[in-house]
Amino acid sequence: MRSIIILGATGSIGSTCINAIIGKKLDFQVKGLVSFSDPGIIALARTFSCPYLLMKGKKDGELLEFLKENRADIVLNGIAGSAGLKASLDVISLNMDLALANKESIVLGGSFLFSEAARNGVRIIPVDSEHSCLYNLLRAFPDARELVITASGGPFYNRSNTDDVTIGEALNHPTWKMGRKITIDSATLANKGLEVIEAGFLFGFPAGRIRVTVHRQSVVHSLVKVSSGAYYAQLTPPDMTLPIISALSDGKVSIDDIVEPLDFTNLDLTFRSWDKKQFPLLDAAYMCLERKQGWPIAFNMANEVAVNAFLDGRIPYNRIAEIVLDVLDGNWASEASSLAEIEQMMAAAKELACKGLARCSCI
């Protein structure tokens, strides 16, 4: 039996994981559960007869101590946002493998995160559906020359005017049911930008060899192009269960019939381009991957501030991209070689983004 700890156990990733373990009767031992805010974790802990940690109001270092006392074969990091970086580094420092759904850990941590993982002999296995797909495709085709990441396009792909977008409209994703912040990121395609940066660091591909195509059905999760010019892909229904359980099992737990099979008697697959003017944050993310250094950090933190302000009703939807692009106009040409240096850049980017909010006279 493979032992796991779930960080963000009451969020969308954690809930999907737990439902699969219970519903599919998978051969996992849940060694610990962590939530940042939801007291419902107490009932979950009783279900699995395991310890839990409710992080709300807890002191710095509490998670590290919990992980020390409750070790597992692999830890699922389903924490949302920039808070996930410190958690990922805590897991790595304890030499436990990391199933990573928190893309911000890679965007913020960059080369430092992977150097720490290598130093501690830790494997980072991606959980994002696109990166899980690429992870498996690249094992089959290690000489792949190009990565193609699919995007649903969000709720506004065919909407030319987004001046009067409401919060409710932005949260109405056509395909996926996710947390509020990632759903807004999917609407602006900032999430796809974060995934481009994530893919660059995860797989060692430059920005010029990573493409994004809009695929509204969310059935093809990613593709790789090999030397012959052929493309290979993974197709499943839009369900996060497979990438989560695949990462946790790592070939050591049977995962038969995890997702429903596709019905090929009535299946349309379309692929389209995306407009740089309509989705400037995806275009900006490519620039951040090309430059690396502090630019991915600035992109992530400015976007986080702007999205939270939109969800709080303090700025209009179109102001999200404006705030992020204003922050990226700064000089982020510094390489972070420690968590402290990363946190300094995070704070600087957050401060600039907050100043941008203060200049907004709308709403």
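Me: In this predicted model, what counts as partly exposed?

Reply: Buried means under 20% relative accessible area and exposed means over 50%; partly exposed lies in between.

Me: Why is Lys31 called partly exposed?

Reply: Its relative accessible area is 27%. Buried would need a value under 20%, and exposed one over 50%. Lys31 is therefore partly exposed.

Me: Where is Lys31 found, and which residues does Lys31 touch?

Reply: Lys31 is in strand β2. Leaving out residues up to four places away in sequence, Lys31 touches Ser3, Ile4, Ile5, Cys50, Pro51, Asn70, Arg71 and Ala72. Lys31 and Phe48 are 17 residues apart in sequence, with 8.2 Å between their C-alpha atoms.

Me: How do you know that the span of helix α1 agrees with what 12 residues should give?

Reply: Helix α1 covers residues 12-23. At 1.5 Å a residue, those 12 residues should span 16 Å. The end C-alpha atoms are 16 Å apart, so the two values agree.

Me: Which residues of α1 are buried, and what puts them on the same side?

Reply: Ile13, Gly14, Cys17, Ile18, Ala20 and Ile21 are buried in α1. They cover an arc of only 160 degrees around the axis, so they sit on the same side of α1. The general rule is that an α-helix has 3.6 residues a turn, so residues three or four places apart point the same way. On the other side of α1, Asn19 and Gly23 are exposed.

Me: What do the buried residues of α1 pack against?

Reply: Their partners are β1 (2-7), β2 (28-35), α2 (41-48), β4 (74-77) and α10 (241-249). Just after α1, Lys25 takes a positive phi of about 50 degrees.

Me: What makes α5 and α14 roughly antiparallel?

Reply: The axes of α5 (residues 103-119) and α14 (residues 339-358) cross at roughly 160 degrees. Angles over 145 degrees count as roughly antiparallel. α5 and α14 therefore qualify.

Me: Which residues meet where α5 and α14 come together?

Reply: Leu108, Gly109 and Phe112 in α5 meet Leu339, Ile342 and Met346 in α14. The two axes come within 10 Å. The crossing of α5 past α14 is right-handed.

Conventions. Residues are numbered from 1 along each chain as its sequence is written. This is a predicted model: local features need pLDDT of at least 70, side-chain atom pairs count only at pLDDT 80 or more; totals for chains, interfaces and linings use all residues. Side-chain values use heavy atoms; hydrogens and water are left out. Helices (H or I, at least four residues) and strands (E, at least two) are DSSP runs, numbered from the N terminus. The expected span of a helix is 1.5 Å times one less than its number of residues. Buried means under 20% relative accessible area, exposed over 50%, partly exposed in between (1.4 Å probe, protein chains only). The arc is that of the directions from the helix axis to the C-beta atoms. Contact means heavy atoms within 4.5 Å. Axes are lines fitted to C-alpha atoms, for helices over the stretch in contact, and angles run from 0 to 180 degrees between N-to-C directions. Angles under 35 degrees count as roughly parallel, over 145 as roughly antiparallel, 65 to 115 as roughly perpendicular and the rest as oblique. A crossing is left-handed if the near helix is turned anticlockwise from the far one by less than a right angle, and right-handed if clockwise.
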